[in-house]
Amino acid sequence: MATFLYRVGRLAFRRRWYVALVWAAVLAAVGLGALKAPGAVDEEFSMPGIESQKAFDLMEERFPGATADGATARVVFVAPGGEKVTATEHKKAVEAAVAELGDGAQVASAVDPFQARAVSEDGTTAYSTVTYKVGAGELSDASKTHLGEALAQTRDSGLTVEAGGSAMDEGGGPGGMAEVIGVAIAAVVLLVTFGSLAAAGLPLLTAVIGVGVSMAAILALSAALGLSTTTGTLAMMLGLAVGIDYALFVVSRYREERAKGRTPQEATGLAVGTAGSAVVFAGLTVVIALAGLSVVGIPMLTKMGLAAAGAVVVAVLIALTLVPAFLGFWPNAVLSRRARKSGRVEGTGHDNGGTRWARFVLRRPLPVLLLGVVGLGALALPMTDLQLGMPGDEAKSTSTTERRAYDALAEAFGPGFNGPLTVVVDAKGDEDAKGAVSSISEEIGGTKGVVSVSPARFNDADDTAVFSVVPSTAPTDEKTKDLVTTIRGERAGVEAETGATFEVTGTTAMNIDIAGKVQGALVPYLIVVVGLAIVLLLVVFRSLLVPLKAALGFLLSVLASLGAVVVVFQQGHGAELLGVEQTGPIMSLMPIFLVGIVFGLAMDYEVFLVSRMREAYVHGESAQQAVTSGFRHSARVVVAAALIMIAVFAGFIGESDSMIKMIGFGLATAVLLDAFVVRMAIVPAVLALLGDKAWWLPKWLDRVLPRVDVEGEALSRRAETEVEAERDPAAAADLEVART
């Protein structure tokens with residue numbers, strides 16, 4: 001591995017113009033494809049294998065065209081100061097608004113609230129449901145403008161008018177200040193780390209090129225593969241973070257090799273052969289974790305994982321080819337200012353902050369280990385109170401019309417009105433279908449926690465019916481989850497009595513089912529991903545205990561980060577500081593999503609840091625000295641890489657989309673805890689306590705595992721041979737024969 005990558009690095013250095021032109025051509029090709037491709041469409045969320053999805057599929061089958069995923073807007077009218085919306089003037093204003101709303105080119109229908117009895121009992125609030133012929137992603141700007149103008153005209157009449165629904169969704173996706181803030185902070189960190197504008201700018205430049213290639217490819221393939229805007233956001237987030245980090249490690253190793261007196265071309269080859277090997281394996285762990293998301297069985301999550309994995313692959317290829325090519329263009333520019341002025345490159349054998357910290361941990365490993373484990377354990381405790389759900393309009397800022405519409409409907413019609421359950425009755429083959437549906441409706445309507453049941457609507461064949469059930473509690477309330485469980489628990493008795501069967505669906509039931517499926521898939525996912533990564537780390541480090549330690553450390557950091565997410569987004573501590581106005585359940589996909597991404601990133605630091613320790617140990621240093629050597633060479637760069645990732649992820653906390661905000665916070669917290677507590681404190685403490693045992697591997701396993709020269713041992717022998725050849729060519733030949 002190291003020898004192959006060494007040749008790749010030297011080749012890229014020599015053929016730098018060809019490498020640069022190839023990447024420019026790739027960027028241009030995918031960019032042209034992105035320009036010609038149709039825009040990304042937010043696909044309808046689906047999750048095979050859950051009851052709510054089966055019920056939805058049955059509705060599509062029995063009510064063809066009726067459950068099309070057209071966009072909807074729920075427009076809420078509230079009369080001012082104790083007045084009634086049914087008053088003559090207000091009623092005329094509402095009817096005029098409904099007529100105007102129904103006049104849009106893409107509008108299928110706009111329901112009159114007075115005819116549909118969509119008026120609250122106190123007469124202060126009414127709502128109209130506007131249904132469009134196309135999905136939310138296909139709504140034209142003219143339709144959105146028409147909706148906004150109709151709302152504004154009605155507000156002039158004195159009514160409070162708000163609107164929610166999918167038609168109001170502006171869409172998430174990449175673009176905005178989040179990326180700019182992250183890159184700006186990364187630039188400062190790189191400048192402080194390297195003391196050179198060129199050294200700081202090169203990782204940023206190559207990372208931006210990599211992200212450009214990845215994003216253009218995603219846009220070009222979005223229509224064909226059904227990739228959403230959220231998919232692009234994740235790919236950009238990870239591609240930018242790992243792209244900067246991977247280039248950072250190669251450039252740092254290049255400067256280290258130059259400090260040893262290597263020529264620019266040789267230093268580039270050695271940097272790619274050693275640091276590049278770590279980049280390959282670190283990237284592979286990230287790809288495994290992201291691709292492993294397909295185990296969960298959620299199509300959208302699978303696409304997000306694979307798209308982000310593709311961005312990571314591009315970042316690895318950029319680090320192995322384009323970074324050494326740029327080093328060929330500017331071999332001295334990435335050195336420090338002092339080195340460029342003096343013409344001499346200072347060595348790296350002196351003590352630094354990394355060695356001082358390592359010695360501090362080595363002197364007192366047990367207290368450091370206990371403090372780290374107890375601290376992370378305390379942070380993880382709130383996770384025992386974890387409640388899963390999917391954030392809706394209730395999680396948006398009160399400055400948005402969607403949130404105000406949600407609050408107005410909850411106040412006028414009850415908290416459960418915003419999350420009705422949909423019951424689909426399959427009476428096919430039943431002689432008295434309508435009687436069976438009536439019995440089921442009455443049974444469910446009498447269940448504790450149900451406020452009302454709508455009249456049943458039959459299909460053309462009169463063998464399937466649909467009706468809505470309004471709970472007494474909010475969609476994200478645990479009592480609503482209990483109600484769904486209770487209704488489904490009554491099914492066996494109802495089916496035996498009526499001969500018909502029913503299923504519960506709707507957004508609320510879908511979210512409950514998703515949470516259950518994700519929780520059930522978490523353990524198998526952990527087994528698959530952690531198992532594969534442990535095998536990979538066994539090959540890299542040729543140690544049994546180091547991979548196990550890495551996996552356990554990851555579990556500590558991810559549980560602690562989930563606990564922090566619960567504290568802020570569910571319990572509300574410090575929520576205002578992050579712009580979170582409404583607390584509630586944690587996004588259902590968050591645990592498994594965080595596990596997948598953070599595991600890959602955690603293994604990055606494990607590979608970069610411990611591979612230098614392994615390299616020192618293989619080259620003859622004691623176990624204690626190897627820890628110090630690893631920190632001398634890698635601690636500063638690992639800290640910089642972690643700060644960059646934290647900056648990139650934290651930048652997404654400023655996004656308005658609650659899901660992106662939560663993901664950004666969770667990832668930033670996880671990287672902070674994993675890099676600075678687990679990898680920089682717990683790892684050296686454990687290695688100090690284990691000593692030589694840390695690098696023990698059973699002989700039978702040593703024979704079975706393939707040998708991958710990540711430490712660059714072959715490159716070290718090559719360097720020794722070259723030095724000997726300069727002194728005594730005959731002795732060098734004898735040395736090479738003896739080694740062979």
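Hi everyone, let me start with a definition: rings of Phe, Tyr and Trp (its six-membered ring) pair if their centres lie within 6.5 Å, and planes under 30 degrees apart count as stacked, over 60 as edge-to-face and the rest as tilted. With that rule, ring pairs link Trp-17, Phe-326, Phe-329 and Trp-330 into a cluster.

Before I go on, a word on what we are looking at. This is a predicted model, where local features need pLDDT of at least 70 and side-chain atom pairs count only at pLDDT 80 or more, while totals for chains, interfaces and linings use all residues. Residues are numbered from 1 along each chain as its sequence is written, and side-chain values use heavy atoms, with hydrogens and water left out.

Now the overall picture. The protein chain has 25 helices and 11 strands; these are DSSP runs, helices being H or I with at least four residues and strands E with at least two, numbered from the N terminus. Of its 740 residues, 52% count as buried. Buried here means under 20% relative accessible area, exposed means over 50%, and partly exposed is in between, with a 1.4 Å probe and protein chains only. The chain exposes about 31,100 Å², and carbon and sulfur atoms supply 59% of that; the areas come from the Shrake-Rupley method with a 1.4 Å probe, and for residues only the protein chains shown count as cover. As for contacts (heavy atoms within 4.5 Å), residues 24 or more positions apart account for 79% of those with a separation of 6 or more.

Back to the ring cluster, then. Trp-17 sits in helix H2, residues 16-36, and is exposed, with a relative accessible area of 60%.

Let's move to Leu-327, in helix H10. Is Leu-327 buried or exposed? At 1% relative accessibility, Leu-327 counts as buried. Leaving out residues up to four places away in sequence, Leu-327 touches Phe-13, Leu-202, Tyr-254, Thr-268 and Val-334. Leu-327 and Ala-267 are 60 residues apart in sequence, and 9.8 Å separates their C-alpha atoms.

How many cavities of 30 Å³ or more does a search of the whole structure find? The search finds 3. Points are joined across faces, edges and corners, and a volume is the space filled by probe spheres set on the points.

The second largest cavity holds about 40 Å³. Its lining includes Thr-206, Gly-239 and Ile-318. Helix H7 (197-225), helix H8 (229-259) and helix H10 (299-329) are the elements that give two or more residues to that lining. By class, the lining has 6 nonpolar, 4 polar and no charged residues. In this scheme Ala, Val, Leu, Ile, Met, Phe, Trp, Tyr, Cys and Pro are nonpolar, Asp, Glu, Lys and Arg are charged, and the others, Gly among them, are polar.

Next, more aromatics. The whole structure has 10 aromatic pairs. One of them, Tyr-127 with Phe-417, is edge-to-face, at 5.1 Å centre to centre and 65° between the planes. This pair links distant parts of the chain: Tyr-127 is in strand E3 (residues 125-132), and Phe-417, 290 residues apart from it, is in the loop between helix H14 (401-413) and strand E6 (421-426). Phe-417 also pairs with Phe-413; their centres are 4.7 Å apart and their planes at 20°, so that pair is stacked. Tyr-127 is buried at 15%, Phe-417 is buried at 12%, and Phe-413 is partly exposed at 21%.

Lys-549, in helix H19 (residues 545-570), counts as buried at 10% relative accessibility. Its contacts beyond four places in sequence are Glu-606, Val-683, Val-686 and Leu-687.

Then there are two backbone angles. Asp-462 is not a glycine, yet has a positive phi of about 55°. Asp-462 lies in the loop between strand E8 (457-458) and strand E9 (464-471) and is partly exposed, at 37%. Arg-542, also with a positive phi, near 50°, lies in the loop between helix H18 (507-541) and H19. Arg-542 is buried, with a relative accessible area of 8%.

Notes:
1 Å grid on protein atoms, 1.4 Å probe; cavity = no way out; pocket = protein on both sides within 12 Å on 5 of 7 lines; lining within 4 Å.
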